[in-house]
Amino acid sequence: MHAEVKNHKHERLKIFHVLFSRGFAGSERSTAESCSQQCEQHDVTLVISNKHRRGDQSIIDHVDPRVRIIEISKTWFTKRNLRKLIERFQPDVIHCHLRRATRLVASIAPSGATVSTLHIKVNGRGFYKMDGLICNARWQVEDIENTYRGQVLKAHNSLLFHNRITPERSIELKNELGAAGGDYLIGAVGRYHPSKGWDTLIKAFRKVQTDSSVKLKFFGAGSQEAELKRLASGDKRIEFVGFRKDIKDLYQVFDLVVCPSRFEPLPRVMLEAMDGGAPVLASDEGGCKELIEDYGGFMFPVDNVEELAKQLSLCIAQKPPRHRPELSAHEVSNANAEILDFYTQCIDAKKNNR
């Protein structure tokens, strides 16, 4: 069972979130959850690019309607329009997401406190001009401790706990995926991108000798899709399912979730899989290692096909039981209470330094 959600009270703030990415992946999901949680007590504005949609995916489809959404051009007069919005609304804190937003807000140098989340890593000088940096993983804190002089929060990546599905729904989902009750179902969830290491997983899985009752299902989309499909060609145990909106239900029917990333700040996929009770096998890279060390699971050396094949064979043979660790620190209300406390800390620090 998860611990009771804390009930934090904060003075009402005017909060700007700024994000200029497209589609809806981990960074966008985290931003959407923060906006939707914060708008219950605060005046929240989300500033995004007018080209925010990638295919049929966009952050605006996942944000509470109480959040004010403002679209501006990412190509023409972006800085000027963003400055005008900041001057008009006078936010108490501006929370930037990813490099473009951070760079632009840093160059504007607004009077309100500025904060940036390290969804990835410090990859531009603008991050060092922020009043505060939010780190989701321990390695990010270590990466900046000797170079950054502002406020730092080691946060817990937010997580919306998901309802338990019924046994009947579990059977339905397995049937949809072409899996019988006794089949061993391995889930691989995320963008089809080289950083995710899906090629390593395919190569390792193809080395594992099993019958057709063991199935590897990929869920997602991305630029590497054609290449990965060629790599998996001929192995009928492997299927590329595409994007599923009910992925949090599916975590509850996977017998194993694999996260073989070459680079991963702190994978939301792993947290969601753990919330669903799925055992997790991950590389020893960055945030993957941190979550396995904190909450349990299985690890292999990043990019090591042979070791991953061995771990897969062990999991398939031993069928580790479902595992749902204590994740209350990541629950979205608790995670955002930490962030709101950090906003206040950054606001106070900025006032004191004037």
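Predicted model: local features only at pLDDT ≥ 70, side-chain atom pairs only at ≥ 80, totals over all residues.
Residues are numbered from 1 along each chain as its sequence is written, and side-chain values use heavy atoms, leaving out hydrogens and water.

**Exercise 1. Work out how the rings of W198 and F218 are arranged, and what parts they tie together.**

Start with the rule: Phe, Tyr and Trp rings (six-membered ring for Trp) pair if their centres lie within 6.5 Å; planes under 30 degrees apart are stacked, over 60 edge-to-face, the rest tilted. That rule gives 9 aromatic pairs. For W198 and F218, the centres are 5.6 Å apart and the planes at 90°, so call this pair edge-to-face. Next, place the residues: W198 is in helix 6 (residues 198-207) and F218 in strand 9 (residues 214-219), so the contact ties together parts 20 residues apart in sequence. Helices (H or I, at least four residues) and strands (E, at least two) are DSSP runs, numbered from the N terminus.

**Exercise 2. Follow F218 to F240, then find the cluster they belong to.**

F218 and F240 are stacked, 4.7 Å centre to centre with 10° between the planes. F240 sits in strand 10 (residues 238-240) and F218 in strand 9, so this pair joins parts that are 22 residues apart in sequence. Now check burial, where buried means under 20% relative accessible area, exposed over 50% and partly exposed in between (1.4 Å probe, protein chains only). F218 has 0% relative accessibility, so it's buried; F240 has 17%, so it counts as buried too.

**Exercise 3. Find which rings have R80 and R100 over them.**

The test needs NZ of Lys or CZ of Arg within 6 Å of the ring centre and within 35 degrees of the ring normal. R80 lies over the face of F77, 4.3 Å from the ring centre. R100 has its charged end over the ring of F20, 6.0 Å from the centre.

**Exercise 4. Describe the largest cavity: its volume, lining and residue classes.**

Points are joined across faces, edges and corners, and a volume is the space filled by probe spheres set on them. There are 2 cavities of 30 Å³ or more, and the largest holds about 120 Å³. Its lining has 15 residues, with S30, S34, N136, N157 and I339 nearest the centre. Helix 12 gives the largest share, 3 residues. Sorting by class (Ala, Val, Leu, Ile, Met, Phe, Trp, Tyr, Cys and Pro nonpolar; Asp, Glu, Lys and Arg charged; the others, Gly among them, polar), you get 4 nonpolar, 11 polar and no charged residues.

**Exercise 5. Do the classes again for the second largest cavity.**

This cavity has a volume of about 40 Å³. Its lining includes K14, D43 and R68, and strand 1 supplies the largest share, 3 residues. The lining divides into 4 nonpolar, 1 polar and 3 charged residues.

Note on methods
1 Å grid on protein atoms, 1.4 Å probe; cavity = no way out; pocket = protein on both sides within 12 Å on 5 of 7 lines; lining within 4 Å.
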